[in-house]
Amino acid sequence: LQLDHELERAEGELPQVVKAELLDLSRLGVRVRSDAALAEGEVLTIRLQSEADALDLHLTGVVRWRKQEAINRWSYGCQFMEELPLETLGEFFLCGILSVQPPAPSGPT
């Protein structure tokens, strides 16, 4: 299933909207990969959308850590301001948006 995800940065931060690859999602936050350089402590709106499932979530989070994977390629850990309800995670599993399979590695290990 197609799940679109973007990171919306605070007003004045450029680029305003950043494309990101969702690597992991829990009740407390997300792990994403992006070409954009974000700062630790930066507040973001994490948008998760799926037209097929009528999903449109906007979650506020804070960048808690970042790791450079390659030139212009970063992974980030973002903590939600409020825990995601267990019911929402259950719906993600039922719709096939989430699975128990780990994400594919990026680049050489």
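This is a predicted model: local features need pLDDT of at least 70, side-chain atom pairs count only at pLDDT 80 or more; totals for chains, interfaces and linings use all residues.
User: What is the order of elements from the N terminus on?

Analyst: The elements run β-β-β-β-β-β-β-α. In total the protein has 1 helix and 7 strands.

User: How much of the protein is buried?

Analyst: Buried residues account for 36% of the 109 residues. The protein exposes about 6900 Å², and carbon and sulfur atoms supply 52% of that area.

User: And among contacts between residues at least 6 apart in sequence, what share join residues at least 24 apart?

Analyst: That share is 51%.

User: Let us turn to the core. Which residues of the largest nonpolar core touch the most other members?

Analyst: They are Leu7 and Leu25, in a core of 21 residues. At least two core residues come from each of strand 4 (29-34), strand 5 (43-50), strand 6, strand 7 and helix 1 (86-95). Strand 7 makes the largest contribution, with 4 residues.

User: Is strand 7 largely enclosed or largely open, and why?

Analyst: Strand 7 is largely enclosed by the rest of the structure, because 6 of its 8 residues are buried.

User: Which strands does strand 7 pair with?

Analyst: Strand 4 pairs with strand 7 in the antiparallel sense, over 6 bridges.

User: Which residues stand opposite Gln79 and Phe80 in strand 7?

Analyst: Gly29 stands opposite Gln79, and Gly61 stands opposite Phe80.

User: What about the side chains in a regular strand, how do they point?

Analyst: In a regular strand, side chains alternate between the two faces of the sheet.

User: Now the hairpin of strand 6 and strand 7. How many residues lie between the strands?

Analyst: There are 2 residues between the strands, and Asn72 in this hairpin takes a positive phi near 60°. Asn72 belongs to the loop between strand 6 (55-70) and strand 7 (73-80).

User: Is Asn72 buried or exposed?

Analyst: Asn72 is exposed, since its relative accessible area is 52% and the cut-off for exposed is over 50%.

User: Which residues does Asn72 contact, leaving aside neighbours within four places in sequence?

Analyst: Asn72 is in contact with Ser34 and Asp35. Asp35 is 37 residues from Asn72 in sequence, yet their C-alpha atoms are 5.2 Å apart in space.

User: Where is Ser34, and is it buried or exposed?

Analyst: Ser34 is in strand 4. With a relative accessibility of 2%, Ser34 counts as buried.

User: What does the side chain of Ser34 reach?

Analyst: The side chain of Ser34 reaches the backbone oxygen of Lys19 at 3.0 Å. A polar atom of the Ser34 side chain also lies 3.1 Å from the backbone nitrogen of Ala36.

User: Which residues are in contact with Ser34, again leaving aside neighbours within four places in sequence?

Analyst: Ser34 is in contact with Val18, Lys19, Ala20, Asn72, Arg73, Trp74 and Tyr76.

User: Changing topic, how many salt bridges are there?

Analyst: The count comes to 10 salt bridges. One of them joins the side chains of Arg9 and Glu42, at 2.6 Å from N to O. That pair links distant parts of the chain: Arg9 is in strand 1 (residues 4-9), while Glu42 is in the loop between strand 4 and strand 5, 33 residues apart. Both Arg9 and Glu42 are buried.

User: Which residue forms a salt bridge with Arg73?

Analyst: Arg73 forms a salt bridge with Glu21, and their closest N and O atoms are 3.5 Å apart. Arg73 lies in strand 7 and Glu21 in strand 3 (residues 21-25), so the pair ties together parts 52 residues apart in sequence. Arg73 is partly exposed at 27% relative accessibility, and Glu21 is partly exposed with a relative accessible area of 34%.

User: And which residue forms a salt bridge with Arg33?

Analyst: Arg33 forms a salt bridge with Glu69, with the closest N and O atoms 2.9 Å apart. This pair also links distant parts of the chain, Arg33 being in strand 4 and Glu69 in strand 6, 36 residues apart. Arg33 is buried, with a relative accessible area of 6%, whereas Glu69 is partly exposed at 30%.

User: Which residues do shared partners join into one network?

Analyst: Salt bridges that share partners join Glu21, Arg33, Asp35, Glu69 and Arg73 into one network. Asp35, a member of that network, is also in contact with Asn72.

Key. Residues are numbered from 1 along each chain as its sequence is written. Side-chain values use heavy atoms; hydrogens and water are left out. Buried means under 20% relative accessible area, exposed over 50%, partly exposed in between (1.4 Å probe, protein chains only). Contact means heavy atoms within 4.5 Å. A nonpolar core is a set of buried Ala, Val, Leu, Ile, Met, Phe, Trp, Tyr and Cys residues joined through side-chain atoms within 4.5 Å. Two strands pair if DSSP finds at least two bridges between them. Accessible areas come from the Shrake-Rupley method with a 1.4 Å probe; for residues, only the protein chains shown count as cover. A salt bridge is a side-chain nitrogen of Lys or Arg within 4 Å of a carboxyl oxygen of Asp or Glu. A polar contact is a pair of N or O atoms within 3.5 Å; within protein, one must be able to donate a hydrogen and the other to accept it, and residues adjacent in sequence count only if both atoms are side-chain atoms.
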